[in-house]
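Open the model in your viewer and keep the sequence panel beside it. The tour goes from one selection to the next and says what is there.

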Amino acid sequence: MFKPVGTIEKVHGALKVQVDGWTLGTLVIAAGDIPKMLSGDEVTVNFVQERPGREVFVGFAGTARPSRSGKAINIRIEARLMTVPVAAVQAVVAGTRTAARLSSPAPIIDADRVQREAIDHDLVRSF
């Protein structure tokens, strides 16, 4: 089960990665790295900060690489893993699609820990 967490769009030949909650700058996969990524290599995802009166700063944000099956691109930003279908990325790169949905896997629940909790552990006990 996956939940949507952002989009990927083509901007000036590069891929702009918009992730919900990311505030450090614009996430970008460089135009020169797109063919490498689609052919199976791991590439860098950078963040770009534009501050008035200063030079543009480009820093390392994470990586993007094809999944083991080759049907998706996995993007890792900090400790967050997100995925997008390869076919959707190829359509965005070709210009036949404006954006591709970026999704994140649902968190894994520790069923044993949940079973040990009292049945009323999360009820509000005050008025």
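Contact here means heavy atoms within 4.5 Å. The model is a predicted one.

**Stop 1: helix α2**

Select residues 86-94, which form helix α2. Which residues of this helix are buried? They are V86, A88, V89, A91 and V92. In an α-helix there are 3.6 residues a turn, so residues three or four places apart point the same way. Keep the buried residues of α2 selected and display what they pack against. On the strand side, the partners are β1 (2-11), β2 (14-19), β6 (72-77), β7 (80-85) and β8 (99-105). A helix, α1 (34-38), is also among the elements they pack against.

Then step just past the end of α2 to G95. The phi of G95 is positive, at about 90 degrees.

**Stop 2**

Select residues 43-49 for β4 and residues 57-66 for β5. How many bridges join these strands? There are 7, and the strands run antiparallel. To find one of the pairings, pick Q49 and look across to F57 in β5, its bridge partner.

Pick R65 and look for N74, which stands opposite in β6. Follow the chain through the hairpin of β5 and β6, where 5 residues lie between the strands. In this hairpin, G70 has a positive phi near 85 degrees.

**Stop 3: the salt bridges**

The structure holds 2 salt bridges.

Stay with R65 for one of them: the side chain of R65 meets that of E42 at 3.4 Å, N to O. R65 is in strand β5 while E42 is in the loop between α1 and β4, so this pair ties together parts that are 23 residues apart in sequence.

K36 has 43% relative accessibility and counts as partly exposed. D33 has 17% relative accessibility; because buried means under 20%, that value places D33 among the buried residues.

Technical notes. Residues are numbered from 1 along each chain as its sequence is written. This is a predicted model: local features need pLDDT of at least 70, side-chain atom pairs count only at pLDDT 80 or more; totals for chains, interfaces and linings use all residues. Side-chain values use heavy atoms; hydrogens and water are left out. Buried means under 20% relative accessible area, exposed over 50%, partly exposed in between (1.4 Å probe, protein chains only). Helices (H or I, at least four residues) and strands (E, at least two) are DSSP runs, numbered from the N terminus. Two strands pair if DSSP finds at least two bridges between them. A salt bridge is a side-chain nitrogen of Lys or Arg within 4 Å of a carboxyl oxygen of Asp or Glu.
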